[in-house]
Amino acid sequence: MMLELAGVHAHYGAIHALHGVDLSVQVGEVVTLIGANGAGKSTLMMSIFGQPRASGGRIVFDGEDITRLATHDIARRGIALVPEGRRIFQRMTVLENLQMGAVLGEEANFAVDLKRMYALFPILEERSQQRAGTLSGGEQQMLAIARALMCRPQLLLLDEPSLGLAPLYIKKIFQIVRELNREHGMTILLVEQNAHHALRVAHRGYVLQHGQIVLAGTGRELLENPEVHAAYLEGGHAARAT
Amino acid sequence: MNTLVIARQPTSPAERLRDAAATALIALLLGIPMIGLTTVDQGGVLRVASRWPALLAFVAACFAGRLLLRYASDLLRARRLARETAAEATTGARPAAGGALLTGIGWAALAVALLLPIVFSDNRYVVDTATTVLIYVMLGWGLNVVVGLAGLLDLGYVAFYAVGAYTYGLLSTQLGWGFWQALPVAGAMAAAFGIILGWPTLRLRGDYLAIVTLGFGEIIRVILVNWTEMSGGPNGITSIPRPSFFGLPFKPPGDAPTFASFFGLDYSPNQRLIFLYYLILGLALLTNLFVSRMRRLPAGRAWEAMREDEIACKAMGINARNVKLSAFAIGAMLGGFAGVFFAARQGFISPESFTFNESAIILAIVVLGGMGSQLGVVLASLVLVLLPELGRDFAEYRMLLFGAAMILIMIWKPGGILAHREPTLRHRRPGDGR
């Protein structure tokens, strides 16, 4: 078991955002968490990182309880985050962004990892000296993913990577998720509103509603579940054509 | 995008002529009753007289003026457009060009700084003012670490300047320490105060942080005013020893060897001024070197990343607390060094030198210069120190001029005089090693 959440609660001030969430991610899996706006998806993701800290329950990563660890210590255990809204370092160059992603890594690995990222995202090599804030949304998302991968994480958390992107980039992002998992064996926890794409790429999925897991199953099961279909996949038909 | 560009394209000469002709026609129609015809009093009888040449001149002036106006506005628009396209095209190879120019300017400025006291060796006023500029350059570079790089708005920076100055003042007058002995101690002292300020404010950002730092600056000043036994209160500390040239004092010839007698020179009070100038120049250059090296290290780059996005930094495993504290401590240390120099140069310090006004000026230097830009700080210091000096002729309108200049700079260059940011990492070919 790579990551396990047991009865996790979280609060934003007085707002009780998560009501006892149980969730697990096995080594080598892509697990997706879908849900409507405000269901608590991003809160769940961030509370794994201690932002906000879980107010109840336990978060175990690789056999270690990380519930009370500081955010940077959690990252140092080998979890990387591609945050919602990308949060790249706008005024720094693409190369500097990637370097920041590698602060934890071995100095000696930097050149190799950089080459790997450039192979995965050729556009980043082209733009390496450009200010990250001048990239297009899709390119910024690629940069955010590459930056997260620079520290050679064991587990990658992706928070709404398709948000606000053009359809072509959405497709590309999910291709990359698949490739990272299938070819590089990366374990991924993916939070998405784009349920159709997310469930197709995931081994397993969870549906979050009002801060609680209401459904869980394999990606295929959830895709075929009539409730999921009605709630999250209507309007996903257009996407299916891709 | 395309339609936008077409719409903004300058008008053709024919269009401009047509436009000017239309203006001339309107001028003619308006001008006939207003200029062309006039009444003249002729022996008690009002008669209408004509002034056709004047009307002609008026219409011609309108025609030419309109033509010129359109031409000028088109020119401005074309230039703005060219600048925008250039900014859009800033990809891959481009940033290096701006950087090279700035590096050139930087070296030229250094050459001027080195030669200045030689050229103006008997002009006290110039050397003295240049020394003041350099103090502000150094303070600006120090505050730049905190505000420009780490993005922590500090309105009480003068506190560290004061800590450095008083540490040297006390160490030298009470314990007889020399300038060079006291310098590192005062720097460490200021850094410690930086951490004292940084620790409780770790969770604060933006305006909230600004308020706390503002208060901190005032606390230090109020302590200096009121703790009379320690600081001498409002009277300050007097007769602080001046720095010596490796043990050789700058004094009129006496029993002990002095700087002038040792080098076989005639004594001149300007020698000390010039020495002080080179001293602050050296300190400032060391500061610059130190800060630009720091920027290229992961620890320093983390300052900038922290400014950009704190949460992303933490998620990358960066300890936000250490990064912020190091920025506060290093910024404070540099301010402390400048304070030591200030005390040594003035020979007298009092709380009056360390008011909020000073903090505001240092912050203005950083902001006007362009946050994070080292060369920008130099230019802004020049402007902010020289402007009030040059404006002495304007007497009480001096500060008005000063304020207006600051506003104009911010309108003209909202990102500061030099908003260009030099990348800290260049692309290396794979296999270069790292």
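This is a predicted model: local features need pLDDT of at least 70, side-chain atom pairs count only at pLDDT 80 or more; totals for chains, interfaces and linings use all residues.
Reader: How many residues does each chain put into the contact?
Author: Chain A gives 31 residues and chain B gives 27 residues. Two residues are in contact if their C-beta atoms, placed from the backbone, lie within 7 Å.

Reader: Which elements of chain A give two or more residues to that side?
Author: α2 (71-76), α3 (94-101) and α4 (110-120) of chain A. The largest share, five residues, comes from α3(A). Helices (H or I, at least four residues) and strands (E, at least two) are DSSP runs, numbered from the N terminus.

Reader: How do the residues on that side of chain A divide?
Author: There are 13 nonpolar, 10 polar and eight charged. Ala, Val, Leu, Ile, Met, Phe, Trp, Tyr, Cys and Pro count as nonpolar, Asp, Glu, Lys and Arg as charged, and the others, Gly among them, as polar.

Reader: Switching to helices. How do α6(B) and α14(B) pack?
Author: Helix α6 (residues 158-175) of chain B meets helix α14 (residues 320-346) of chain B at an angle of about 50 degrees, with axes 6 Å apart. Axes are lines fitted to C-alpha atoms, for helices over the stretch in contact, and angles run from 0 to 180 degrees between N-to-C directions. That makes α6(B) oblique to α14(B). Angles under 35 degrees count as roughly parallel, over 145 as roughly antiparallel, 65 to 115 as roughly perpendicular and the rest as oblique.

Reader: What classes of residue make the contact of α6(B) with α14(B)?
Author: 13 nonpolar, five polar and no charged. Among them are B:Tyr161 and B:Gly164 of α6(B), and B:Gly336 and B:Phe337 of α14(B).

Reader: And α6(B) with α8(B)?
Author: Helix α8 (residues 206-226) of chain B packs on α6(B) at about 30 degrees, with axes 8 Å apart. The two are therefore roughly parallel to each other. By class, this contact has eight nonpolar, one polar and one charged residues. The residues include B:Tyr166 of α6(B) and B:Arg221 of α8(B).

Reader: Now A:Glu139. Buried or exposed?
Author: A:Glu139 is buried, with 20 other C-beta atoms within 10 Å. A residue is buried if 20 or more other C-beta atoms lie within 10 Å of its own, exposed if 12 or fewer, and partly exposed in between; C-beta atoms are placed from the backbone.

Reader: Where is A:Glu139, and what does it touch?
Author: A:Glu139 is in helix α6 (residues 137-149) of chain A. Not counting residues up to four places away in sequence, A:Glu139 touches A:Ile123 and A:Arg127.

Reader: Which peptide bond is cis?
Author: A cis peptide bond joins A:Gln51 and A:Pro52, with omega about 5 degrees. A:Pro52 is in the loop between α1 (41-48) and β4 (56-61) of chain A.

Reader: What about phi at A:Arg86 and A:Glu160?
Author: A:Arg86 has a positive phi of about 70 degrees although it is not a glycine. A:Arg86 is buried, with 24 other C-beta atoms within 10 Å. Phi of A:Glu160 is positive too, near 50 degrees. A:Glu160 sits in the loop between β7 (155-159) and α7 (167-184) of chain A.

Key. Residues are numbered from 1 along each chain as its sequence is written. Chains are lettered from A and ligands numbered from 1 in the order in which they are written.
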